[in-house]
Structures are given as C-alpha cells and as structure tokens.
Amino acid sequence: KLAHRLKRGFVDLDQVIEEKEGIKVSEIFDCKGEGYFRKAEKQALREVLRRSGQVVATGGGTILDKENLDFLKEKTLLICLAAPPETLLRRSGGGKDRPLLEGSDRQKRIEELLKQREKSYAEAHFTIDTTGLSVNEVVEKIMEVIKIAEGEIQSV
C-alpha cells in the first residue's frame, strides 16, 4: 500500500531470495540453515539497493548484520515498524513460514528475538509504533515520517 501511494515499486527481500534460490525461506532454513540464508539475504539486499525509487520490506533479522544495517542506513530511509509481542504473535499466524518462531511458546520466542534485535532496531532513522493501527493508518504515519525526513514538517 505504501509503494502504491508513493507510486514506486515494492520489493519483499524474502521473495527475492526465494526466487533466486528456487525454494521458500522456510525450506532454506530447513535444508541449508540460517547461516546460508543470511548470506543469501546479504547478497540480495546489495542487489536490491542498487536500484532507487522503491519500497523495500526486509525480514526482521536483516539488520542484525552490522554491514546490512549500515548499508540500509546509508542508502535508505530506514523505518522500524514496532509492536508488542502479543500483537506480533497475532500478526504472524501459526504457519510454518516463520522458521525462527518454531517451538511450543511462540510468544516467548518473539520476546527473545525482540530483545536480541533491540539495539539494531533502535538505529533505524524512525520507529513507528503500529499497535492498534490499520495498514492504512500505518501508511499515513510513514507518509508523515517521509515528510519529516524531507524537511517539510518538524514533527509528527
């Protein structure tokens, strides 16, 4: 929706990796491991960010790699969409497409991941709390942030 609003292309980094590898992210994790996935993710991110004028959705772990984080901060307006663990649990569903959430206590796993990623997430140019917001409301908040980044307004 944001890409449509901005009249830009949309790129989901996980989809780029899946197309390149010919299998789903969950299968990459199962067959080749997280380390292999992170290498493929780093390469895909570099390729995607060679182009400008697009909205890029990364996975939540992309920024754990310091080079990825620095590259995103240099080349993009990096916005962290935040929500509490309960909300993320509800949004993530119960499918097998979230290999890092496997296990009996998915909420506890989300809490652990958020703790591990906290410092990296804090380095985003902006953070938007999406709790209780619809997709359209999140898009509006992002549009406000873009205006701030462009210097059109001073605060949200």
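Which residues in helix 3 meet which residues in helix 4? Glu 41, Lys 42, Leu 45 and Arg 46 in helix 3 meet Glu 67, Asn 68, Phe 71 and Leu 72 in helix 4, where contact means heavy atoms within 4.5 Å. The residues of this contact divide into three nonpolar, one polar and four charged, with Ala, Val, Leu, Ile, Met, Phe, Trp, Tyr, Cys and Pro counted as nonpolar, Asp, Glu, Lys and Arg as charged, and the others, Gly among them, as polar.

This is a predicted model, in which local features need pLDDT of at least 70 and side-chain atom pairs count only at pLDDT 80 or more, while totals for chains, interfaces and linings use all residues. Residues are numbered from 1 along each chain as its sequence is written, and side-chain values use heavy atoms, with hydrogens and water left out.

The chain holds seven helices and four strands, which are DSSP runs numbered from the N terminus (helices H or I, at least four residues; strands E, at least two). In sequence order they follow the pattern α-β-α-α-β-α-β-α-α-β-α.

| Helix pair | Angle between axes | Distance between axes |
|---|---|---|
| Helix 3 (residues 25-48) and helix 4 (residues 66-75) | roughly 15° | within 11 Å |
| Helix 5 (residues 85-92) and helix 6 (residues 106-121) | about 120° | 9 Å |

The axes are lines fitted to C-alpha atoms, for helices over the stretch in contact, and the angles run from 0 to 180 degrees between N-to-C directions. Angles under 35 degrees count as roughly parallel, over 145 as roughly antiparallel, 65 to 115 as roughly perpendicular and the rest as oblique. With a crossing of roughly 15°, helix 3 is therefore roughly parallel to helix 4; with an angle of about 120°, helix 5 is therefore oblique to helix 6.

In the latter pair, Pro 85, Glu 86, Leu 88, Leu 89 and Ser 92 of helix 5 meet Arg 106, Gln 107, Ile 110, Glu 111 and Leu 114 of helix 6. Five of the residues in that contact are nonpolar, two polar and three charged.
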